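The sequence and structure are shown below.

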Amino acid sequence: MAHILAKLCYERKQHFANVCRETGWMPATPINQVLADNLKHYMLKNQLTQSSLGERAGLGQTTVSLYLTPSRRQASKSGKVPSAKLSEVESLAHALGVDVWRLLRPFTDKQRKAYDKIEEAYQELLSLTTPEAEENIVKPRRVA
């Protein structure tokens, strides 16, 4: 079964690439800028300063500041632009009360509003269900 799926994916990969390119699914924004934009959004939403976010995340204010302004980060001698440590991104996400992927995925304003509405509706649904029903909703089914 896995072999058939792999073959299908291989044969169709050009089609998938064309669909993504034609629809403009994800903008070509550098990941450091994506992180900065999302941090700014959630800091504003939670009314947090750089210092208060740093305290919550266990990071220094300077580290938060550098993540917010990627143009200030110095490239190494080899020309490599430094990027955020995943452990620090995880700490920032936890401090902001969001999933890590929300800090690393590029969003347009329209997409962000849609995701926020979906999240609100999902949380409201969970609050209306019993613990048994919630377990069935959240638990993913395994495919053999």
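This is a predicted model: local features need pLDDT of at least 70, side-chain atom pairs count only at pLDDT 80 or more; totals for chains, interfaces and linings use all residues.

Helix H5 spans residues 86-96, and its buried residues are Glu-88, Val-89, Leu-92, Ala-93, Ala-95 and Leu-96. Viewed down the axis of H5, these buried residues fall within an arc of 165°, so they line one face of the helix.

Gly-97 follows H5 and has a positive phi, near 75°.

## Salt-bridge network

Side chains of opposite charge can pair when their charged atoms come close. The whole structure contains 3 salt bridges, and a network of such bridges links Lys-45, Arg-102, Asp-116 and Glu-119. Lys-45 and Asp-116 form a salt bridge through their side chains, at 3.8 Å from N to O. This pair links distant parts of the chain, with Lys-45 in helix H2 and Asp-116 in helix H7, 71 residues apart. Asp-116 is buried, because its relative accessible area of 15% lies under the 20% cut-off.

Asp-116 also forms a salt bridge with Arg-102, where the closest N and O atoms are 3.4 Å apart. Arg-102 belongs to helix H6 and Asp-116 to helix H7, so the pair ties together parts that are 14 residues apart in sequence. Arg-102 is buried, with a relative accessible area of 5%. A further salt bridge joins Arg-102 to Glu-119, with the closest N and O atoms 3.9 Å apart. Here the linked parts of the chain are helix H7, which holds Glu-119, and helix H6, which holds Arg-102, 17 residues apart. Glu-119 is partly exposed, its relative accessible area being 32%.

## The largest pocket

The largest pocket has a volume of about 180 Å³. Its lining consists of Tyr-42, Lys-45, Gly-97, Val-98, Asp-99, Arg-102, Asp-116, Glu-119 and Glu-120. These lining residues divide into 2 nonpolar, 1 polar and 6 charged.

Helix H2 (31-45) and helix H7 (109-128) each supply at least two residues of the lining. The most is given by H7, with 3 residues. The lining includes Lys-45, Arg-102, Asp-116 and Glu-119, which are linked in the salt-bridge network, as well as Gly-97, the residue that follows H5.

Notes:
Residues are numbered from 1 along each chain as its sequence is written. Side-chain values use heavy atoms; hydrogens and water are left out. On a 1 Å grid over the protein atoms alone, a cavity is a set of points where a 1.4 Å probe fits but cannot get out, and a pocket is an open set with protein on both sides within 12 Å along at least five of seven lines; lining residues have an atom within 4 Å of a point. Grid points are joined across faces, edges and corners, and a volume is the space filled by probe spheres set on the points. Helices (H or I, at least four residues) and strands (E, at least two) are DSSP runs, numbered from the N terminus. Ala, Val, Leu, Ile, Met, Phe, Trp, Tyr, Cys and Pro count as nonpolar, Asp, Glu, Lys and Arg as charged, and the others, Gly among them, as polar. Buried means under 20% relative accessible area, exposed over 50%, partly exposed in between (1.4 Å probe, protein chains only). The arc is that of the directions from the helix axis to the C-beta atoms. A salt bridge is a side-chain nitrogen of Lys or Arg within 4 Å of a carboxyl oxygen of Asp or Glu.
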